[in-house]
Amino acid sequence: MRVDVLTIFPSIFDSPLRESLLGKAIDAGTLDVRVHDVRDHTTDRHRQVDDESYGGGPGMVMKPEPIFRAFESLGDGPKRLLVMSPAGRRLDQELVRELSKEPWLVLIAGRYEGIDERVVEGLGAEEVSIGDYVLSGGELPVLVVLEAVTRLVPGVIGREESHERDSFGADGLLDHPHYTRPAEFRGMRVPDVLLSGDHAAVERWRREAAVEKTRRNRPDLLER
Ligand code: ADE
């Protein structure tokens, strides 16, 4: 999968793209992530990427021209373009699964109060929010989308099975609790059934524990 990121803070991406799963997938060539500095696509002496809001009000708006130019520099081919915005469609695992099947994504991180609406209109971008809260910019949301999507790309996670059972999987439940050694820690014991070796009993316990966790933390998911 190829992913192009458009941002005015490219260095935010340095470490996250080097470490862990993302870093490994990039090294292995499973993922081709290219980070572009929108400021490199300005043509004025001040390399201006933002301007005042028409209609007034505080805060600056990102100008359309450098973003259009950056996008057009990527070359031809079918791309799915997402703009990170708290005013966007909320990201969930269903959208993540859909995006993981795309061969080429372009993710735009906005700053300031927002991005000129003509980016959405003129480039056919979809606005995506990572949740109902406001961050100062779209860089962290881009990384959230990137990590959530790329871990579903075949070859990024070793065993396909490892995300089959994730929260928001086929059964619509949150993941069950997990335990590792020691069997007893500060007076808290791992449930006996998990030490029993009885696979059917373990499966039953996990299912019940997942329902219980979902009831406690996300009762809205059970109502669906
Ligand atoms: N930019 C600022 N806040 C955001 C959010 N919640 N989701 C996506 N982009 C954002």
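Let's start with a term: buried means under 20% relative accessible area, exposed means over 50%, and partly exposed is in between, using a 1.4 Å probe and protein chains only. R2 counts as buried, because its relative accessibility is 17%.

A word on the model. It is predicted, so local features need pLDDT of at least 70 and side-chain atom pairs count only at pLDDT 80 or more, while totals for chains, interfaces and linings use all residues. Residues are numbered from 1 along each chain as its sequence is written, and side-chain values use heavy atoms, without hydrogens and water.

Back to R2. It sits in strand 1, residues 2-7 (strands are DSSP E runs of at least two residues, helices H or I runs of at least four, numbered from the N terminus). The R2 side chain makes a polar contact with the side chain of D4, at 2.7 Å. A polar contact is a pair of N or O atoms within 3.5 Å; within protein, one must be able to donate a hydrogen and the other to accept it, and residues adjacent in sequence count only if both atoms are side-chain atoms.

Next, the core. A nonpolar core is a set of buried Ala, Val, Leu, Ile, Met, Phe, Trp, Tyr and Cys residues joined through side-chain atoms within 4.5 Å. The largest one has 29 residues, and V3, L107, V145 and L146 touch the most other members. Which helix gives the most to this core? Helix 6, with six residues.

Last, the ligand. One of its nitrogen atoms lies 3.2 Å from a backbone N or O atom of S85. For Y133, a backbone N or O atom is 2.8 Å from a ligand nitrogen.
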